[in-house]
Amino acid sequence: LRVTPNRPGEYSLACAELCGLQHAYMTAKVKVVSQAEFDDWVVSLTGEVSGDPVERGSKLVTQYGCVACHSLDGTKIVGPSWKGIYGHEVTLSDGTTVEVNDDYLKESIINPASQLVQGYQNLMPATYRDQLTDAQIADIIEFIKSLR
């Protein structure tokens with residue numbers, strides 16, 4: 001079960017499965033906070049903070065496994081290489097061309113089947129729209145831009 005909270009506050013969740021004798025005691029406290037509060041909390045736990053969107057984007061593409069399909073050095077693998085792609089035109093599977101810019105990259109992340117590069121299949125999960133914030137997507141795009 002995936003829960004997407006939309007109101008800040010503190011909540012108590014209970015297990016939804018009747019899974020054993022102690023079922024009634026399977027609860028969890030949940031605190032819903034703003035994105036900024038959450039980010040501060042993560043920094044307080046990890047000690048990592050970077051004001052550089054390229055560095056944050058680099059960590060995200062590793063964390064989310066993007067580099068398993070998109071090479072950073074021009075090598076053709078499952079998905080198009082990101083090296084030097086920003087600002088260039090690519091031919092799509094329908095024969096049209098599009099410039100690889102911020103809008104194209106964001107759409108490709110949140111709706112990967114919408115504009116496939118010719119010669120590639122849509123193997124990218126469509127779940128990133130729910131997993132990544134707009135800020136994280138922007139950081140990934142800045143990382144891709146840096147691969148000149």
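**Figure 1. Contacts of Trp 82 in a predicted model.** Trp 82 touches Val 61, Cys 66, His 70, Ser 71, Leu 72, Phe 143, Ile 144 and Leu 147, leaving aside residues up to four places away in sequence. Contact here means heavy atoms within 4.5 Å. This is a predicted model: local features need pLDDT of at least 70, side-chain atom pairs count only at pLDDT 80 or more, and totals for chains, interfaces and linings use all residues. Residues are numbered from 1 along each chain as its sequence is written, and side-chain values use heavy atoms, with hydrogens and water left out.

**Figure 2. The largest nonpolar core.** A nonpolar core is a set of buried Ala, Val, Leu, Ile, Met, Phe, Trp, Tyr and Cys residues joined through side-chain atoms within 4.5 Å. Buried means under 20% relative accessible area, exposed means over 50%, and partly exposed lies in between (1.4 Å probe, protein chains only). The largest core has 23 residues. Trp 82, Val 90, Tyr 104, Leu 105 and Ile 140 touch the most other members. The elements that give two or more residues to this core are α2 (53–63), α3 and α5. The largest share, 5 residues, comes from α5. Helices (H or I, at least four residues) and strands (E, at least two) are DSSP runs, numbered from the N terminus.

**Figure 3. Helix α3 and its buried face.** Helix α3 spans residues 102–110. Its buried residues are Tyr 104, Leu 105, Ser 108 and Ile 109. Seen down the axis of α3, they fall within an arc of 130°, so they line one face of the helix. The arc is that of the directions from the helix axis to the C-beta atoms. An α-helix has 3.6 residues a turn, so residues three or four places apart point the same way. The buried residues of α3 pack against β3 (89–91), β4 (97–99), α4 (128–131) and α5 (134–145). At the start of α3, a side-chain oxygen of Asn 101 comes within 3.1 Å of the backbone nitrogen of Asp 103.

**Figure 4. Helix α2 from start to end.** At the start of α2, a side-chain oxygen of Asp 52 comes within 3.0 Å of the backbone nitrogen of Val 54. Gly 57, Leu 60 and Val 61 of α2 are buried. They cover an arc of only 95° around the axis, which puts them on the same side of α2. These buried residues pack against α5. The face turned away from the buried side of α2 carries the exposed residues Thr 62 and Gln 63. After α2 comes Gly 65, whose phi is positive, near 80°.

**Figure 5. Where α2 meets α5.** Two packed helices are described by the angle between their axes and the distance between the axes. α2 and α5 pack at an angle of about 100°, with their axes 7 Å apart. The two helices are therefore roughly perpendicular to each other, a term for angles of 65 to 115 degrees. Axes are lines fitted to C-alpha atoms, for helices over the stretch in contact, and angles run from 0 to 180 degrees between N-to-C directions. On the α2 side, the contact is made by Pro 53, Val 54, Arg 56, Gly 57, Ser 58, Leu 60 and Val 61. On the α5 side, Gln 136, Asp 139, Ile 140, Glu 142 and Phe 143 take part.

**Figure 6. Asp 139, a residue of α5.** Asp 139 lies in helix α5. At 9% relative accessibility, Asp 139 counts as buried. Asp 139 touches Pro 53, Arg 56, Gly 57 and Leu 60, not counting residues up to four places away in sequence.

**Figure 7. Ser 71 in its loop.** Ser 71 sits in the loop between α2 and β3. At 7% relative accessibility, Ser 71 counts as buried. A polar atom of the Ser 71 side chain lies 2.5 Å from the backbone oxygen of Thr 75. A polar contact of 2.8 Å joins the side chains of Ser 71 and Ser 81. A polar contact is a pair of N or O atoms within 3.5 Å; within protein, one must be able to donate a hydrogen and the other to accept it, and residues adjacent in sequence count only if both atoms are side-chain atoms. Ser 71 also touches Ile 77, Pro 80, Ser 81, Trp 82 and Lys 83, not counting residues up to four places away in sequence.

**Figure 8. Thr 97 in strand β4.** Thr 97 is found in strand β4. At 46% relative accessibility, Thr 97 counts as partly exposed. Thr 97 touches Glu 89, Val 90 and Thr 91, not counting residues up to four places away in sequence.

Technical notes: Angles under 35 degrees count as roughly parallel, over 145 as roughly antiparallel, 65 to 115 as roughly perpendicular and the rest as oblique.
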